Amino acid sequence: MKVEDIKKILVIGAGTMGHGIAELAAIAGYQVYLSDVSQDILNSAMDKVKWSLTKLKERGTIKEDVETVLQRIRPVVGLDKTVSDADFSIEAITEKIDVKRQTFAKLDELLPPHAILATNTSSLPVSKIAEATKRPDKVVGMHYFNPPALMPLVEVMKGDKTSDETAKVTYELAKKLGKQPIMINKDIPGYVVNRILGGINIASCIVVEKKLADIKEVDAVARYKLGFPMGVFELLDYTGIDVAYYISKSREELGVKDDIPICSLIVEKFKNNELGVKSGKGFYTYPGPGKYVKP
Ligand code: NAI
């Protein structure tokens, strides 16, 4: 398959990442199916896409009318024959290997043989997800950053059996979506960015645990010395503390041995259901669930 053959894109999961990926694909002119488990979630996702498109239009980033772009996205509850003409799918559901494998098995049944099945997983091995399908050569990692409409980098990562053609088409699709892709030729859970970020998170966590500095001070270092757009703890809140927790847990369950242990502060916040911006409280406190103001 060539990148020009891609006409319809299916995004599975309409949460933090999925709605943004669907938005990107619609801006680039693709017909998009956006799937999630309930109509309520899809309605809220479409509201967020509309809000974001309106901002992009105000800034002159998009030329077309908001409604024209929005109409390219078709929300779909569940996964059934409705989506069976998609040429490329991007999965952005919960970071749990069993749930992802079930979804990939379903996608394998539903989508045409030429379709590429990409995952936005942050930490799971692409090869383990690909095993759930009969087309592991067409399964690939395509890792976006939050918010997908604004963050330029996309990591394209090959699983053990991903073909060169699949990786190339995915890389080219990322470029068509206006992104700057990088190619990672080995299946390394956490890709490159999250391995580096994981190391920074754990180092920051140790500083706070040992009471050498508090979270605000660590975040000031990240912003004013390291030049990060957000502090370390601010970014964890923004991403979702549950996401960071599941990333570490999934690696543990899969027996992924590496040098990035789980941060005890993340475990504590997760257990208290303080998940960051999405719950209204995390390392910082926000005006309400889902309401982000810079701490
Ligand atoms: P989220 O929790 O905001 O959204 C996940 C969505 O998937 C929810 O709306 C949920 O209802 C839906 N879902 C769950 N099971 C489903 C199924 N079987 N079929 C259809 N929809 C289903 O999660 P978020 O943050 O968007 O993360 C999604 C994926 O993207 C995860 O793999 C995560 O590791 C990865 N990721 C997250 C980033 C972030 O900054 N939040 C950045 C890059 C990757």
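Predicted model: local features only at pLDDT ≥ 70, side-chain atom pairs only at ≥ 80, totals over all residues.

Trainee: At what angle do helix α1 and helix α2 pack, and how far apart are their axes?

Mentor: Find helix α1, residues 18-27, and then helix α2, residues 39-58. The two pack at an angle of about 50°, and their axes are 9 Å apart. Angles under 35 degrees count as roughly parallel, and 65 to 115 as roughly perpendicular. That's why α1 and α2 are called oblique to each other. As for handedness, α1 passes α2 in a right-handed crossing.

Now let's move to the ligand. It is surrounded by 22 residues, and the closest are Met17, Asp36, Glu95, Lys100 and Ser122. Sort that shell by class and you get 8 nonpolar, 11 polar and 3 charged residues. Asp36 has a polar side-chain atom 2.7 Å from an oxygen atom of the ligand. In the side chain of Lys100, an N or O atom is 2.7 Å from an oxygen atom of the ligand. With Thr16 the backbone is involved: one of its polar backbone atoms is 2.9 Å from a ligand oxygen atom. As for cover, the ligand on its own has 830 Å² of accessible area, and the protein covers 84% of that.

Two spots in the loops deserve a look as well. Asn146 and Pro147 are joined by a cis peptide bond, with omega at about 0°. You'll find Pro147 in the loop between β6 (139-143) and β7 (153-158). The other spot is Lys211, which sits in the loop between α7 (193-209) and α8 (215-224). Lys211 isn't a glycine, yet its phi is positive, near 55°.

Methods:
Residues numbered from 1 in each chain as written. Heavy atoms only, no water. Near = heavy atom within 4 Å. Polar contact = N/O pair within 3.5 Å; in protein donor to acceptor, adjacent residues only side chain to side chain. Areas by Shrake-Rupley, 256 points an atom, 1.4 Å probe, with all protein chains shown as cover. Nonpolar A, V, L, I, M, F, W, Y, C, P; charged D, E, K, R; others polar. Axes fitted to C-alpha atoms, helices over the stretch in contact; angles between N-to-C directions. Helix = DSSP H or I, 4+ residues; strand = E, 2+ residues; numbered from the N terminus. Parallel < 35°, antiparallel > 145°, perpendicular 65-115°, else oblique. Left-handed = near helix turned anticlockwise from the far one by under 90°.
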